[in-house]
Amino acid sequence: MAITEERPEILELESGDTSPSTGAFARPTNASGWRAWVFTVDHKKIGIMYGAVAMFWFLWGGIEALLIRAQLFTPDGTVLTAEQYNQIFTMHGTTMVFLVIMPLAAAFANYVVPLQIGARDVAFPRMNALGLWIFVFGGLFLNLSWFLGGGPDGGWFAYAPNTGVTFSPGAGMDFYALGLQIAGIASLVGAINLIVTILNMRAPGMTLLRMPVFTWMIFVVQLLLLFALPVITVALILLSFDRTFDANFFNVAMGADPLLWQHLFWIFGHPEVYILILPSFGIVSETLPVFSRKPLFGYSVIVISGAAIGFMGWGVWAHHMFVSGLGPVGVAAFSATTMFIAVPTGVKILNWIATMWGGNLKFTVPMMFSISLVSMFTIGGLSGVMHSVAPADTQQTDTYFIVAHFHYVLFGGALMGLFAGMYYWWPKAFGYKLNESLGKWHFWILLVGFNMTFGPMHIVGLQGMARRHSRYGPEDGFDFWNAVVSIGAFIILIGMIVFAVNIVRTWLGYKAGTVPQEPADPWDGRTIEWAIPCPTPEHNFDYVPVITDVDDFWHKKYQPDENGKLRKVADGNEIAQRGDQNPHLPSPSYWPIVLASALPLIALGLIYNLWISGVGLLLLLGSMYGWSLEPATDPDAGHGEHADDHGPDDVDPPGDEDSEVAEEAPVV
Amino acid sequence: MSEIVQDSATQIAYGRTDWDDHHHLPTNTGLTNEKVTMWAFLGSDCLLFGALISTYLLLRNRVGPSTSGPTAADLFDIPFTSVSSFVLLMSSLTMVLAVTAIQRADMETCKLWLLTTAGLGSIFIAGQVYEFTSFYREGLGFTTNISSSAFYTLTGFHGVHVSLGIVMLVTMWALVSGGQLGPERAETIEIIGLYWHFVDIVWIVIFAVVYLIP
Amino acid sequence: MNTTAVSDEDTHEEHHDHGLSDIGYIKIALILAVLTAVEVATYFWDFGILEVPSLLILMVVKFQIVVSYFMHLKFDSKVFSYIFVTGVILAMLVFAAMGTSMVFWQNPSGCDISAFC
C-alpha cells in the first residue's frame with residue numbers, strides 16, 4: 001500500500017550518506033553497480049533478472065535437449081549411456097518447466113503487471129526480491145546434483161516408487177525433490193505478492209473488468225499457483241520422507257499404492273500446464289489487438305474463458321494416468337472433463353482470429369510470434385483433444401506422439417508467446433527495440449526448426465517409438481524421421497543464436513547511438529504501460545492514471561468523431577508522462593538474498609548431514625530477524641497518518657517499507 | 001478529475017494530478033495488503049492439509065505384510081486427545097479476546113491473553129509430544145508401516161504449524177510489552193489470530209476425521 | 001448471539017466491524033465446547049449408523065462457527081471469504097475425487113498390485 005502513496009515532499013539525496021537513524025541494520029541505500037541489482041527491490045530489475053536467469057537455464061536445458069537429439073540421431077546412439085540419458089531427459093523437462101517457462105512468465109508478470117495497473121511497485125517489494133533469489137538458489141541447487149553424483153533420473157514427473165531409494169539410489173532424486181520444493185516456495189511467495197498487488201493496487205477507475213488481459217491471465221495463473229503448489233509440496237515431502245527418513249508412503253512391499261504419487265503430482269501438474277500457457281495467452285491478447293489495430297474481440301469472453309480454463313484445469317488431472325489402472329469409471333469421467341476443457345481454449349483461439357479478421361495487420365516480429373502461437377498451439381491443442389479419447393490415448397501414451405503434443409503446446413504455444421512478449425516489451429524495459437530484420441530471421445528459423453523437430457515426432461510416435469528410451473534399433477524403421485528431428489533441433493539452436501546476436505548487436509548499437517532510443521509509445525499501444533517513457537523510469541508513473549475504459553490509453557488517443565469514425569485526437573508520445581518526477585522509493589535490502597541463501601543450505605543438510613541444515617536454519621532465523629528489524633530509511637516514516645501502513649508482523653515477512661530515498665536513475 | 005489534465009506546466013500529462021494529496025491512495029478493495037496476504041496463504045494452506053489428510057485417510061489401514069506393527073488408530077487414546085483438542089479450541093477463544101483487547105487499546109489485557117494463548121498452544125504441543133512418545137513405546141515408529149508414516153506426517157505438520165504460531169504469539173507479546181506494537185497496529189495481532197484460528201480449525205477436522213471416525 | 005451481531009453489522013462499514021463483544025465470544029466458545037463434548041460422547045456411547053454422519057456434521061458446524069465468528073469472516077469483507085472458501089471447496093472437491101478414484105474406481109478387475117512385486 002505504501003508504495004502507491006505519493007508524499008508531497010521529495011527528499012533530496014545527498015550522495016552517499018543517508019545512514020539510517022533507526023533500526024538495527026543499515027540498508028544499502030546508495031547501491032550502484034552490481035549491488036543495485038543484487039539488493040534491489042524494484043519490480044522492474046527483479047523482472048529483468050528473472051528473465052536473464054531463465055534465459056541462462058533455457059540455454060542449459062537446450063544443451064540437454066541437443067544431447068538427447070544427438071543420442072537419437074542414429075539408431076543405437078552412443079553419445080550417452082542409458083543412465084546419463086535418464087538424467088539428461090529428466091533434467092531437460094524439469095529445467096524447461098520450472099526454470100525456464102515459469103520464471104519467464106514471472107519475469108513478465110513482475111515487469112509488466114505493475115505498469116499495466118498503474119502501480120509504483122508490487123505490494124511487497126522485499127518479498128518480491130525474496131521470491132527471485134529463492135528461485136535462483138533453487139535452480140542452482142537442483143543443478144548442483146550434476147557435480148554430486150549425477151542428476152535426477154526419474155523423469156520430471158518423478159513417479160514414485162520408481163524414484164524411491166530402491167530404484168534411484170543416487171542423490172539425484174533428493175536434489176529434485178528438495179530443489180523443486182525450494183522453487184515452489186519462490187513461486188508461492190511471488191503468487192501471493194502478485195495476487196495482493198492486482199487486488200489492491202490498481203489505478204483509480206481500473207475495475208477488474210478494465211484490467212488488461214495480460215494482467216488478468218497473470219492473476220488467474222497466480223491463483224492457480226496459490227492453490228496448486230501446496231499439493232506438489234505435500235507430494236515432494238512424502239517422497240523426501242521416503243528417501244531421507246525411510247518412511248513408507250511409496251513402499252510397495254508394505255502395500256503402498258503407486259497411484260498416490262501420480263494423483264498428487266498431476267493434481268498439481270495439470271493446473272501447472274495452464275500456469276505455463278496462460279501468461280502467453282495473455283501476452284498475445286495484448287499484441288494481437290495492437291498489431292491488428294483493432295480492439296480485442298470479446299474482451300470479457302477472453303477473460304472469462306481464461307478464468308474458466310483455470311477452474312476446469314482442476315478437474316482433468318487423471319487424463320495423464322489413463323493407462324495406470326485408473327479403472328473404467330475414472331477413465332470415462334476424466335475423459336469427459338478433458339473434452340470439455342477444450343471449449344474455453346477454442347473460444348480464445350476463435351477470439352484471436354476474430355481480432356485479426358479485417359484488421360490492419362502489421363507484421364512486426366512480436367506479431368509474427370503471436371500468430372505462430374495461435375497456429376502452433378492449435379496444432380498442439382488438437383492432438384491434446386485426441387488424448388482425451390481414452391482408447392486412442394492408450395495407443396499414444398508413452399510414445400513420441402505425446403512428446404510432439406506437449407512440445408507444440410509448450411514450445412509452439414508458451415515459448416512463442418513469451419518471445420512475442422520479449423520483442424513487444426523490450427523497448428519498455430531497455431529503451432530500444434530489438435532489430436526487426438534479425439528478429440524475423442530468428443522467427444522464421446525458429447519456426448522451421450520447431451516444426452522439423454516436433455512435427456515428425458507425431459509420425460514416429462504413432463509408429464510406436466517409445467519416449468524415454470535411450471536407443472532404438474536399426475530394425476525399428478525410426479531412423480529417417482529421427483535424423484530429421486535431430487537436424488530440426490540444431491536449426492532451433494541456430495535460431496536462438498540469431499536471437500542472442502540480435503540482443504548483443506542492438507545493445508551495442510544502442511550504446512553506440514546507432515540504435516535509436518524509442519519514445520514512450522513505439523507501437524501505438526493500448527494499455528497504460530505505454531503512457532510512460534521508454535525505458536520505464538525508476539518510479540514508473542509520475543501521476544497515477546485515472547482509468548475509464550478497457551484499453552484506456554488507446555481511448556485517450558483515438559475518439560469517435562461526429563460520424564462515429566475513430567479519429568486520432570492525441571499522439572501517444574506527446575500525452576505520455578515524462579518520467580521527470582523524483583518520488584520516494586523503497587530502499588534496496590540485503591535480506592532477501594541472505595534469507596534465500598539459507599534454503600539450499602537446509603536442503604543440502606537433509607541430503608548429507610543435518611548439521612548443515614542446522615547452520616542453514618540459523619541463517620534463516622537470523623535473516624528473518626534482520627528482515628523484520630531492518631529500518632525504513634526514512635526517519636519520519638511511520639509517524640502520523642502513515643503509522644498504520646506498516647502493519648507488518650514480524651514472522652510473516654512484511655513487505656511494506658516506507659523508505660523515502662529516491663534512487664539514482666536506472667542503470668540499464 | 002478529468003482524464004486529460006492540463007498540468008501547471010505546458011505539458012499535457014496523462015494521469016491525475018492529486019500528486020500533492022496528503023491522503024493515502026486507498027487500496028482498491030479497502031483491505032490492507034497484509035490481511036489479504038494472510039487469507040491467501042490460509043486458502044493455500046487448505047490444499048496442503050487437504051492433501052495430507054486425504055493421504056492419511058487413504059493409507060491409514062495399510063500395515064503391509066503381517067508383522068509390521070499396529071496402525072495409529074489402534075493406539076489412539078481418545079480421552080487424552082479430547083482434552084488436548086479442547087485446550088486448543090479454548091486457545092482460539094483467548095486469541096480472539098487478545099484481539100478485542102488491543103482493539104480497545106487495553107494493552108495489559110492483550111498481553112495476558114496473548115501469553116495465555118501461547119501457553120494453551122504449548123500445552124497442546126506437549127500433549128502431542130507425549131502422544132508420539134507413548135505411541136513409539138507401543139511399537140509405532142515413523143517407519144513402522146505406511147499408516148504410521150502417514151499419521152506422524154499429518155499430525156507432525158499440524159504440530160509445526162502450532163509451534164510457529166506459538167513463536168509468533170510470543171514475539172507479539174514481546175513487542176506489545178516493549179511498546180513497539182501499539183493499538184494502532186491491532187491488525188497485526190488480528191492477522192496472527194487468523195493464522196491461529198486456522199490451525200485450530202485444521203485440528204477440528206483432524207480430530208473428527210482422523211481420531212473420532214472409526 | 002446472531003441478533004447482537006447483525007444489529008452491529010448493518011450500521012458499520014463492512015471491514016471496520018469487529019464482530020462480537022467479549023461476552024459474545026465466550027458464548028461462542030461455550031457452544032464449541034458443548035459440540036466437542038457431543039463429539040467425544042460418540043466415543044463412549046454407540047451412536048450406531050448415525051455416528052459418522054453426526055461427527056461430520058458436528059465438524060462442519062464447529063469449523064463454520066470458528067471461521068465465521070473467531071475469524072470474523074461473517075463480518076469481514078467478502079473478498080476474504082472468496083479466497084478462503086475457494087481453497088476449502090477446491091481441497092474438498094479435488095481430494096474427494098482423488099479418494100473416490102483410488103478407493104472405488106481403481107483395479108476393478110481385481111488386478112492386485114502385489115502381483116507385480
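Two residues are in contact if their C-beta atoms, placed from the backbone, lie within 7 Å. The structure is a predicted model, in which local features need pLDDT of at least 70 and side-chain atom pairs count only at pLDDT 80 or more, while totals for chains, interfaces and linings use all residues. Residues are numbered from 1 along each chain as its sequence is written, and chains are lettered from A and ligands numbered from 1 in the order in which they are written.

**Exercise 1. Describe the build of chain C.**

Step 1. Helices (H or I, at least four residues) and strands (E, at least two) are DSSP runs, numbered from the N terminus. Chain C has four helices and zero strands, and its pattern along the sequence is α-α-α-α.

Step 2. Take the contacts in chain C between residues at least 6 apart in sequence: 51% of them join residues at least 24 apart.

Step 3. A residue is buried if 20 or more other C-beta atoms lie within 10 Å of its own, exposed if 12 or fewer, and partly exposed in between, with C-beta atoms placed from the backbone. Of the 117 residues in chain C, 30% are buried.

**Exercise 2. Is Leu58(C) buried or partly exposed, and which residues does it contact?**

Step 1. Locate the residue: Leu58(C) is part of helix 3 of chain C.

Step 2. Count its neighbours. Leu58(C) has 18 C-beta neighbours inside 10 Å, so it counts as partly exposed.

Step 3. List its contacts, leaving aside neighbours within four places in sequence. They are Ala208(B), Leu35(C), Val38(C) and Glu39(C).

Step 4. Compare sequence and space for one pair. Leu58(C) and Leu35(C) are 23 residues apart in sequence, and their C-alpha atoms are 6.6 Å apart.

**Exercise 3. Describe the side of chain B that touches chain C.**

Step 1. Count the residues: 37 come from chain B and 38 from chain C.

Step 2. Find the elements of chain B that give two or more residues to this side. They are helix 1 (33-59), helix 3 (78-103) and helix 6 (186-212) of chain B. Helix 1 of chain B gives the largest share, 13 residues.

Step 3. Sort the residues by class. Ala, Val, Leu, Ile, Met, Phe, Trp, Tyr, Cys and Pro count as nonpolar, Asp, Glu, Lys and Arg as charged, and the others, Gly among them, as polar. The side of chain B has 24 nonpolar, twelve polar and one charged residues.

**Exercise 4. Check the length, course and surroundings of helix 7 of chain A.**

Step 1. The expected span is 1.5 Å times one less than the number of residues. For the 34 residues of helix 7 (residues 259-292) of chain A this should be 50 Å; the end C-alpha atoms are 48 Å apart, which agrees.

Step 2. The bend at a residue is the angle between axes fitted to the seven residues ending there and the seven starting there. Helix 7 of chain A has a kink of about 30 degrees, centred on Trp266(A).

Step 3. Because 34 of the 34 residues of helix 7 of chain A are buried, this helix is largely enclosed by the rest of the structure.

Step 4. Arg293(A) follows helix 7 of chain A and has a positive phi, near 55 degrees.

**Exercise 5. Where in chain C is confidence lowest, and where highest?**

Step 1. pLDDT is the predictor's confidence in each residue, from 0 to 100. Chain C averages 80, and 75% of the residues score at least 70.

Step 2. Confidence in chain C is lowest in helix 1 (residues 2-11), at a mean of 37, and highest in helix 3 (residues 51-70), at 94.
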